[in-house]
Protein chains: 2
Amino acid sequence: MPKLVDHAQRRDEIALVACQAIARRGFAQATVAHIARTAGYTTGMVAHYFDSKQQIILAALRLILRRIELRLTQRAGTGSSDLLSVLSEALPIDAQRRTECAFWIAFWGQLPADPELKRLTGWVHREYRRLFDRCLREHWPESLRWPARLQADVSRSIITYVNGITASAVSSPRDWPASEQVAQLRMHLARLRASAGASTATEHTEKQAWTLR
Amino acid sequence: MPKLVDHAQRRDEIALVACQAIARRGFAQATVAHIARTAGYTTGMVAHYFDSKQQIILAALRLILRRIELRLTQRAGTGSSDLLSVLSEALPIDAQRRTECAFWIAFWGQLPADPELKRLTGWVHREYRRLFDRCLREHWPESLRWPARLQADVSRSIITYVNGITASAVSSPRDWPASEQVAQLRMHLARLRASAGASTATEHTEKQAWTLR
């Protein structure tokens, strides 16, 4: 009887090894041959699942996004979740996430040099933004009443800050223990919320003043 | 008579070509041979100036920091400078800065994979922080009266945001035209300043209340 192979699982397994190899060795040194060897397969076996290294990278990006989404969704289901704890799931605060984030930065660093990879991965940034927008709506429901421009600015500011912590923590891990990452994100969210609250309150007062004239 | 060669200038020239090559080709593909060829020298000539590729990278990092510092200082001397326009000098808002920032992200992406490079470049992050601290002191002089913890948090938040814009703009340049980078930084600085002002005002009131007891 032929051995049953879960192909999706094997693709994920290779993608995960690729993510770890790129985080550990850098983008170029993590060759398909190296990835295959580390995963315990032949290069031919990996070629059976992926046409090119770029396809492996794409699978790794999909896998990481799926993992982040899963963590965010699980958090949301616990009832005790807040935006800070949910977004902290995306930061490099433990070994697995440090690997994912190191891969992520290596990927960013490769993009200007690789127009084809850039073309293939445009969807990643859209998907990443969609995830953050969703977190914002779910955990700060008042944001649904904000003007669209304010919603977009707050969401973009959150992503930018998470990216900034990620880049800083990957490049200077000693300056960025997990507690410092979370503390900085906490302060950023508090400032954003206070500022958005103040600007919508002003707008409300202005509207009232207008109505009363 | 032997030709006079300005060695410091030649080192800078090679470092600049290295920065451009890494931004364009990625970290690993920008070999010493490629850098030498692009600069119009032989590999042997480059070896006369630098012992290793890491030494070239170090020179490129020094060169970029010196350029940022120069831009910040020139700005400071014009009298019409403010923190936003000064810090915008560090963002990827034109071709030269896009190249510098793409190099910067490629460097960050390489760090987890290269402990020796990481060891050699610890000073870069300290120097970068020192530059931002100085800008904060010069352009928001009220920050000198803030508690040390608040000064440190605000400075770190600014660097984190600049890093976040840099990473986002290098990886998704279409979503981040220069105007959007500056607009996002402007909002971040305004929120930070309002929040720091509010927290020091509260502290002041608390102190007064304490004195009046």
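Visitor: How many salt bridges does the rule find across the interface of chain B and chain A?

Guide: Let's start with the idea: side chains of opposite charge can pair when their charged atoms come close. In this predicted model, four salt bridges turn up across the interface of chain B and chain A. Asp175(A), for instance, forms a salt bridge with Arg129(B), and their closest N and O atoms are 2.7 Å apart.

Visitor: And how many residue pairs are in polar contact across that interface?

Guide: Counting pairs with both residues at pLDDT 80 or more, there are 14 in polar contact between chain B and chain A.

Visitor: Which helices of chain B supply at least two residues of the side that touches chain A?

Guide: Look for H1 (7-25), H6 (95-110), H8 (122-139), H9 (148-171) and H10 (178-212) of chain B. H9(B) gives the most to this side, with 13 residues. Sorted by class, the side of chain B that touches chain A has 17 nonpolar, 15 polar and 10 charged residues.

Visitor: How do I read the area that chain B and chain A bury between them?

Guide: The size of an interface is often given as the accessible area lost when the parts come together. Here chain B and chain A bury about 3,300 Å² between them, with 55% of it on carbon and sulfur atoms. The contact takes 42 residues from chain B and 42 residues from chain A.

Visitor: Let's go back to salt bridges. How many does the structure hold over all chains?

Guide: Over all chains, the structure holds 26 salt bridges. One to find within chain A joins the side chains of Asp12(A) and Arg66(A), at 2.6 Å from N to O. This pair links distant parts of the chain: Asp12(A) lies in helix H1 of chain A and Arg66(A) in helix H4 (residues 53-77) of chain A, 54 residues apart.

Visitor: Now for packing: at what angle do H1 and H6 of chain A pack?

Guide: Two packed helices are described by the angle between their axes and the distance between the axes. Helix H1 (residues 7-25) and helix H6 (residues 95-110) of chain A pack at about 70°, with their axes 8 Å apart. H1(A) and H6(A) are therefore roughly perpendicular to each other.

Visitor: Which residues make that contact?

Guide: From H1(A), look for Cys19(A), Gln20(A), Ile22(A) and Ala23(A); from H6(A), find Thr99(A), Glu100(A), Ala102(A), Phe103(A) and Ala106(A). By class, six of the residues are nonpolar, two polar and one charged.

Visitor: What about the axes of H1(B) and H6(B)?

Guide: In chain B, the axes of H1(B) and H6(B) come within 8 Å and cross at roughly 70°. These two helices are therefore roughly perpendicular to each other. Their contact includes Cys19(B) of H1(B) and Phe103(B) of H6(B), and its residues divide into six nonpolar, two polar and one charged.

Technical notes:
Residues numbered from 1 in each chain as written. Chains lettered and ligands numbered in written order. Heavy atoms only, no water. Axes fitted to C-alpha atoms, helices over the stretch in contact; angles between N-to-C directions. Helix = DSSP H or I, 4+ residues; strand = E, 2+ residues; numbered from the N terminus. Parallel < 35°, antiparallel > 145°, perpendicular 65-115°, else oblique. Contact = heavy atoms within 4.5 Å. Nonpolar A, V, L, I, M, F, W, Y, C, P; charged D, E, K, R; others polar. Buried area = accessible area lost by both parts, 1.4 Å probe. Polar contact = N/O pair within 3.5 Å; in protein donor to acceptor, adjacent residues only side chain to side chain.
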